[in-house]
Amino acid sequence: MPDSRTVADRFARSLAVTGRGLRALLLTIAALAASLGLLAMTVGALSWQHADQWRVPVGILIVVLLCLPAVLLPVLVHRRLAPLTRSIERPDHLTAQARDYVADVRAGTELADIAALASGPTSIWRPRGLWQAARLVGSFTGRITPDSTRHPLLAAFMPVYLRTLWLVVIVTAWALVVATAVLAGSLVAVLLGWTPTS
């Protein structure tokens, strides 16, 4: 029967391999998505280069505005996903940061101070009591939010971070759909001779 320490070491090694593989996969997907956006922008700009109005290259401007998010956003998604893959890669560091975070939250006396303020002889509803309570709540809120410099692996799992990440992923997917439509429309326009000539 394997020792529990051996099983934990194997699990940690498999997580590290999984994290590295996931990071490589995400980098490949981001590079392909950005390449698709760049290809759509190049083909669209070449197709519509003579579409101008009052000597302003309107065709190129529209294509660049439609395709630029598909070029830049995959890079942003990759950067936002990097802390999550690092967390998977280093479970021992994540555990140490979680222990440090819990110890830091427990070390605070803000909740006890608020309870003492509310049950004390002075009323919490007086201006001074409200001011003290607001300061204590603000201090406690700052304490329960992981610090991105001290706990970078743990901060990647905060709901605000994950919500922002999903929003960027959804916007990136729509930007890729628009870039694909620009690419297809430009190719069809070139093949059917619908593009303006000089």
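Q: Where is L32 placed?
A: L32 sits in helix 1. Keep in mind that this is a predicted model.

Q: And is L32 buried or exposed?
A: L32 is exposed. Its relative accessible area is 57%, and exposed means over 50%.

Q: What separation is there between the C-alpha atoms of L32 and E110?
A: They are separated by 49 Å. Along the chain, L32 and E110 are 78 residues apart.

Q: Switching to pockets. What volume does the largest pocket have?
A: About 240 Å³.

Q: How many residues line the largest pocket, and which lie nearest its centre?
A: There are 14 lining residues. I29, V77, L81, V169 and T172 lie nearest the centre.

Q: Which helices each supply at least two residues of that lining?
A: Helix 1 (4-47), helix 2 and helix 7 (159-192) do. Helix 7 has the largest share, with 6 residues.

Q: What is the lining of the largest pocket like by class?
A: It has 12 nonpolar and 2 polar residues.

Q: Now the surface. Which residues make the nonpolar patch?
A: V56, V58, L61, I62, L66 and V178. The patch covers about 430 Å².

Q: Which helix gives the most to the nonpolar patch?
A: Helix 2, residues 58-89, with 4 residues. L66 is placed in helix 2.

Q: Why does L66 count as partly exposed?
A: Because its relative accessibility is 38%.

Note on methods: Residues numbered from 1 in each chain as written. Predicted model: local features only at pLDDT ≥ 70, side-chain atom pairs only at ≥ 80, totals over all residues. Heavy atoms only, no water. Patch = residues over 30% accessible without salt bridge, like charges linked within 9 Å, V, L, I, M, F, W, Y side chains within 5 Å. Areas by Shrake-Rupley, 256 points an atom, 1.4 Å probe, with all protein chains shown as cover. Salt bridge = Lys/Arg side-chain N within 4 Å of Asp/Glu carboxyl O. Buried < 20%, exposed > 50% of the residue type's maximum accessible area, 1.4 Å probe, protein only. 1 Å grid on protein atoms, 1.4 Å probe; cavity = no way out; pocket = protein on both sides within 12 Å on 5 of 7 lines; lining within 4 Å. Points joined across faces, edges and corners; volume = space filled by probe spheres on them. Nonpolar A, V, L, I, M, F, W, Y, C, P; charged D, E, K, R; others polar.
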